[in-house]
Amino acid sequence: MTAVGKLLLGILADFKWINTLYLYVATLIITGLALCAIPFAKSYVTLAILSGILGFLTGNWSIFPYVTTKTVGIDKLAHAYGILMFFAGLGNSLGPPIVGWFYDWTQTYDIAFYFSGFCVLLGGFILLLAILPCWDMCNKKLPKPAVPTTFFYKVASNV
């Protein structure tokens, strides 16, 4: 499903009438909700459906570089992508010990799924707030200062 998600989300990102930033945010929010729903899966079929949804939505990595470029600009892409990969690696490194600690503490994986879903939801909502049009200060045109109609020049001459 990840391969299908990468393909379809990449195709969707190419349509001009789809805002790719909102598409990425939607995948994050639905991923967070699906992660939080896993503890409620009481049958194999439900778990398989949720796993398929999660697999499809992790295909959002195909639009990740584009979203990063739209968010920070092409000039800062290398630095931003490096920072994002650092935090992704940090999450991949710290996730298993934290989940193990949650399991040791509660003897169930439910809190681990709620925690990971909450983290993904939080990231999705923070990105949503960052890309809302009301925060778009970079592209707003500032009023031009009034052009003076008279110029006074002091001539500096030794002649």
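**First stop: helices H1 and H2**

The crossing of H1 and H2 is right-handed. To view this pair in the predicted model, select residues 2-14, which form helix H1, together with residues 20-37, which form helix H2. The axes of H1 and H2 come within 9 Å and cross at roughly 150°. Angles over 145 degrees count as roughly antiparallel, and H1 and H2 are therefore roughly antiparallel to each other.

Next, display the side chains at this crossing. On the H1 side, select Leu-9, Leu-12 and Ala-13; they meet Thr-20, Leu-23 and Thr-27 of H2. Coloured by class, the contact of H1 with H2 shows four nonpolar and two polar residues, and no charged residues.

**Second stop: helices H2 and H4**

For the contact itself, select Thr-20, Leu-21 and Tyr-24 in H2, then Phe-64, Tyr-66, Val-67, Lys-70 and Thr-71 in H4. Five of the residues in the contact of H2 with H4 are nonpolar, two are polar and one is charged. Thr-20 may be kept highlighted: this residue takes part in the contact with H1 and in the contact with H4.

Remaining on helix H2, select Thr-31. Is this residue buried or exposed? Thr-31 has a relative accessibility of 9%. The cut-off for a buried residue is under 20%, so Thr-31 counts as buried. Now show its neighbours: leaving aside residues up to four places away in sequence, Thr-31 touches Leu-54, Leu-57 and Val-120.

**Final stop: the whole protein**

Clear the selection and colour the protein by secondary structure. The protein has six helices and zero strands, and its elements run α-α-α-α-α-α from the N terminus on. Of the contacts with a separation of 6 or more, 67% are between residues 24 or more positions apart.

Finally, switch to a surface display. The protein exposes about 11700 Å², with carbon and sulfur atoms supplying 72% of that area. Among the 159 residues, 25% are buried.

Conventions:
Residues are numbered from 1 along each chain as its sequence is written. This is a predicted model: local features need pLDDT of at least 70, side-chain atom pairs count only at pLDDT 80 or more; totals for chains, interfaces and linings use all residues. Side-chain values use heavy atoms; hydrogens and water are left out. Axes are lines fitted to C-alpha atoms, for helices over the stretch in contact, and angles run from 0 to 180 degrees between N-to-C directions. Helices (H or I, at least four residues) and strands (E, at least two) are DSSP runs, numbered from the N terminus. Contact means heavy atoms within 4.5 Å. Ala, Val, Leu, Ile, Met, Phe, Trp, Tyr, Cys and Pro count as nonpolar, Asp, Glu, Lys and Arg as charged, and the others, Gly among them, as polar. Buried means under 20% relative accessible area, exposed over 50%, partly exposed in between (1.4 Å probe, protein chains only). Accessible areas come from the Shrake-Rupley method with a 1.4 Å probe; for residues, only the protein chains shown count as cover. Angles under 35 degrees count as roughly parallel, over 145 as roughly antiparallel, 65 to 115 as roughly perpendicular and the rest as oblique. A crossing is left-handed if the near helix is turned anticlockwise from the far one by less than a right angle, and right-handed if clockwise.
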